[in-house]
Amino acid sequence: MSRITRRTVLGAGLATAGTGLLAACSGSAPGHSSHGGGTPPTAGYLTPDSREIVAAETLRRPGPERRVRLTAVETPLDLGGGRTVRSWAYGDRLPGSEVRVTAGDTLALTLANSLPAPTSIHWHGLALRNDMDGVPGLTQRDIRAGASFDYRFAVTHPGTYWFHPHSGVQQDRGLYAPLIVEDPREPLAYDKEWVIVLDDWVDGVDGSTPDSVLAELGAGMGGMDHGASGGMEGHAMPGMQPADGKSPSPAPSGPSRMLMGARSELLGGDAGDVAYPYYLVNGRTAEDPETFTAAPGDRIRLRIINAGGDTAFRVALGGHRLTVTHTDGFPVEHTPAEALLLGMGERFDALVTAGDGAFPLTALAEGKGGAALAVLRTSGGAAPTASVRPRELSGTVVQAARLKAAESVRLAPRRPDRTIELGLTGSMGAYDWAINGQTYDPARRYPVRSGERVRLAFVNRTTMWHPMHLHGHTFALPDGGARKDTAIVLPGRRLDVDFDADNPGLWMVHCHNVYHAESGMMTVLGYRK
């Protein structure tokens, strides 16, 4: 198996991500001029091998090294209840094995690719060095089948994170796992910790794959043929070929997975595009759920991650009230809740004091009717069944927009130096999701400069909700709101978020509905030299 390192990638010419390889066109923030004349449109931007990226990593003072080896493989996965599917995963587990480090550590993870296709890893929520962000065609080359890649970077901020590919629609297979960054000065007191990964599942069920789902959504909603490679495998620029030079085009397979009529008031109307046959908690169906054991009175920290492709989850623990402590890795003012709503890519941490008995942790697929289930057991008694719907699901539902950042992580008051309007455009009819009417092109950048306070104005001009995710940074929701890297933008609404430009490089902004993103709802923020 060949080995790809950061040195060989950049030495082979990834630096052209800022010059020749991706020099096609350029975007600019409203009120800022595009480049003109004979200047290459990507000239003047930092690239993943710029010295500023190395300097920023040095300032993080990388600490002790935590070594991990991971293999992406095609493998059978047991979902429980007698259902086994063939999919792609990290090892033979779903989710992949948890990676746990301490803030200040250096994570050194080698990914070996034993899949039949190129892949990558994106570290969702981490403010890390740009050349390790894991976006093929922008920050690194694809990890080809049979090759490996060494990811190595400082991990500076504690919290609940996760990782997944940024290659086509691979995230909607089994390629995801939690990344927990412990706080060496943890302020919370609790007895146990329960990491809860939610997912919507279609891969390998009756012949379906995420690629065939995307092909159906595109062709069936307006005749667009995105191709069975996932539309933009590896997020390549139009005209680029996969690393093996081939353009695989398997025919759509399995039954129709197009979802019509799913509605949610919390999501502003249409709840999603895909009818998933299963919803999972920690890789298990509701018919054969995971059981977490504790003692009555134990104080448990829940770390909840929505790893789904197209589903928001409403989560409640029957017979209990939760206290929300964090979202997307950052502390918030403690907030009571009976239920939580998480869009794709979002995370919530919450504390709960366990009662005496067996209790359902139910994750309702918002607006879709199905649900995932896990069980908290502290004593004997009958286990809850798959059909249970705790009354807490109809109680006080906390969304991230209702939370306030803890004082320790609030951004200092400051007027934005730059506002970038990102219009969310497209429709179900044409399945032409885009930003400012333009589908993804890695050469099109919205410029920022180090040291600026930047405002992103997400303007949703569509009739669907979009969980918008920013790489390499966290932003602040308005009016002292939570620090986030992923936020729900409701249909017909505008959401202004602010962040400090303190991590140089080329960074994606995109919808975390994997099918919207792969249809084109992605763009790039580029730091100017």
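Helices (H or I, at least four residues) and strands (E, at least two) are DSSP runs, numbered from the N terminus. With those names in hand, let's look around this structure. It is a predicted model, in which local features need pLDDT of at least 70 and side-chain atom pairs count only at pLDDT 80 or more, while totals for chains, interfaces and linings use all residues. Residues are numbered from 1 along each chain as its sequence is written, and side-chain values use heavy atoms, with hydrogens and water left out.

**Empty spaces inside**

Rolling a probe the size of a water molecule over the atoms shows where empty space is left. Here a cavity is a set of points, on a 1 Å grid over the protein atoms alone, where a 1.4 Å probe fits but cannot get out; lining residues have an atom within 4 Å of a point. Grid points are joined across faces, edges and corners, and a volume is the space filled by probe spheres set on the points. By this test the structure holds two cavities of 30 Å³ or more.

In the table, residues are sorted by class: Ala, Val, Leu, Ile, Met, Phe, Trp, Tyr, Cys and Pro count as nonpolar, Asp, Glu, Lys and Arg as charged, and the others, Gly among them, as polar.

| Cavity | Volume | Lining by class |
|---|---|---|
| Largest | about 100 Å³ | five nonpolar, nine polar, one charged |

The largest cavity is lined by 15 residues, and His166, Gln171, His510, Val514 and Glu518 are the closest to its centre. Around the second largest cavity, the lining includes Ile435, Arg444, Tyr446 and Met522.

**The five-stranded sheet**

Strand β33 also belongs to an open sheet of five strands, in the order β26-β34-β33-β28-β31, with mixed pairing. Two strands pair if DSSP finds at least two bridges between them. Because β26 and β31 (486-489) stand at the edges with a single partner strand each, one side of each is left without a neighbour in the sheet. The twist averages 25° from one strand to the next, where axes are lines fitted to C-alpha atoms and angles run from 0 to 180 degrees between N-to-C directions. Inside this sheet, β28 (residues 466-470) and β33 run antiparallel and are joined by three bridges; Leu470 has Val509 in β33 as its bridge partner.

Asn436 sits in the loop between β25 (434-435) and β26 (445-448). Asn436 is partly exposed, at 28% relative accessible area (buried means under 20%, exposed over 50%, partly exposed in between, with a 1.4 Å probe and protein chains only).

**The six-stranded sheet**

Another open sheet has six strands in the order β13-β10-β15-β20-β17-β18, and the pairing is mixed. Its edges are β13 (278-281) and β18 (330-337), each with a single partner strand. Neighbouring strands of this sheet are turned by 20° against each other on average, direction ignored.

Strands β17 (residues 322-327) and β20 (residues 347-353) run antiparallel, with four bridges between them, and Thr327 stands opposite Phe348 in β20.

Technical notes. On a 1 Å grid over the protein atoms alone, a cavity is a set of points where a 1.4 Å probe fits but cannot get out, and a pocket is an open set with protein on both sides within 12 Å along at least five of seven lines; lining residues have an atom within 4 Å of a point.
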